[in-house]
Amino acid sequence: MCNACFEDDKIKTFTTFTVEYKGCIIVIRNVPCLECQICGEITFTDDVSAQLERIVDSAKTVLQDISVIDYSKVA
């Protein structure tokens, strides 16, 4: 069920997740997600959320102005 519009019409797809940290931008592409077909709300499973947190924490150790990471290659 969608957290925004409460409809049940979600599909599995992929998205780009972006975080700004200390003036740097971390971009993680090809992240598996669930997208509501009614309102477009994107949600992540608990496993994907945990993996995103690990990826972001790892990227913080080698900060660059912009870091682009492919989820499928590091998850």
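The structure is a predicted model, in which local features need pLDDT of at least 70 and side-chain atom pairs count only at pLDDT 80 or more, while totals for chains, interfaces and linings use all residues. Residues are numbered from 1 along each chain as its sequence is written, and side-chain values use heavy atoms, with hydrogens and water left out.

The protein chain contains 2 helices and 4 strands, where helices (H or I, at least four residues) and strands (E, at least two) are DSSP runs numbered from the N terminus. In sequence order these elements follow the pattern β-β-β-α-β-α. The C-alpha trace spans about 40 × 25 × 15 Å along its principal axes. With contact defined as heavy atoms within 4.5 Å, residues 24 or more positions apart account for 51% of the contacts with a separation of 6 or more.

Burial was classified by relative accessible area: buried means under 20%, exposed over 50%, and partly exposed in between (1.4 Å probe, protein chains only). Of the 75 residues in the protein chain, 27% are buried. Accessible areas come from the Shrake-Rupley method with a 1.4 Å probe, and for residues only the protein chains shown count as cover. The protein chain exposes about 5,100 Å², of which carbon and sulfur atoms supply 49%.

A nonpolar patch on the surface is formed by Ile25, Ile66 and Val68, which together have about 260 Å² of accessible area. Patches are made of residues with over 30% relative accessible area and no salt bridge; like charges are joined within 9 Å, and nonpolar side chains (Val, Leu, Ile, Met, Phe, Trp, Tyr) within 5 Å. Ile66 counts as exposed because its relative accessibility is 53%.

A salt bridge is a side-chain nitrogen of Lys or Arg within 4 Å of a carboxyl oxygen of Asp or Glu, and by this rule the count comes to 1. The pair consists of Lys60 and Asp57, with the closest N and O atoms 3.9 Å apart. Lys60 and Asp57 are separated by about one helical turn, because they are 3 residues apart in helix α1 (residues 46-60). Both partners are partly exposed: Lys60 has a relative accessible area of 29%, and Asp57 has a relative accessibility of 40%.

Phi of Asn30 is near 60°; Asn30 is found in strand β2 (residues 24-36) and is partly exposed, with a relative accessible area of 34%.Strand β1 includes Lys10 and Val19. Lys10 counts as partly exposed, at 24% relative accessibility, whereas Val19 is buried, with a relative accessible area of 18%. Leaving aside neighbours within four places in sequence, Lys10 is in contact with Met1, Cys2, Leu34, Glu35, Cys36 and Thr43. Val19, not counting residues up to four places away in sequence, touches Cys24, Ile25, Ile26 and Val56. One of these contacts, Ile25, also belongs to the nonpolar surface patch.

Lys10 and Arg54 are 44 residues apart in sequence and 26 Å apart in space. The C-alpha atoms of Val19 and Ser67, 48 residues apart along the chain, are separated by 9.9 Å. Thr45 lies in the loop between β3 (42-43) and α1, and is partly exposed, with a relative accessible area of 40%. The C-alpha atoms of Thr45 and Pro32 are separated by 8.6 Å, the two residues being 13 apart along the chain.
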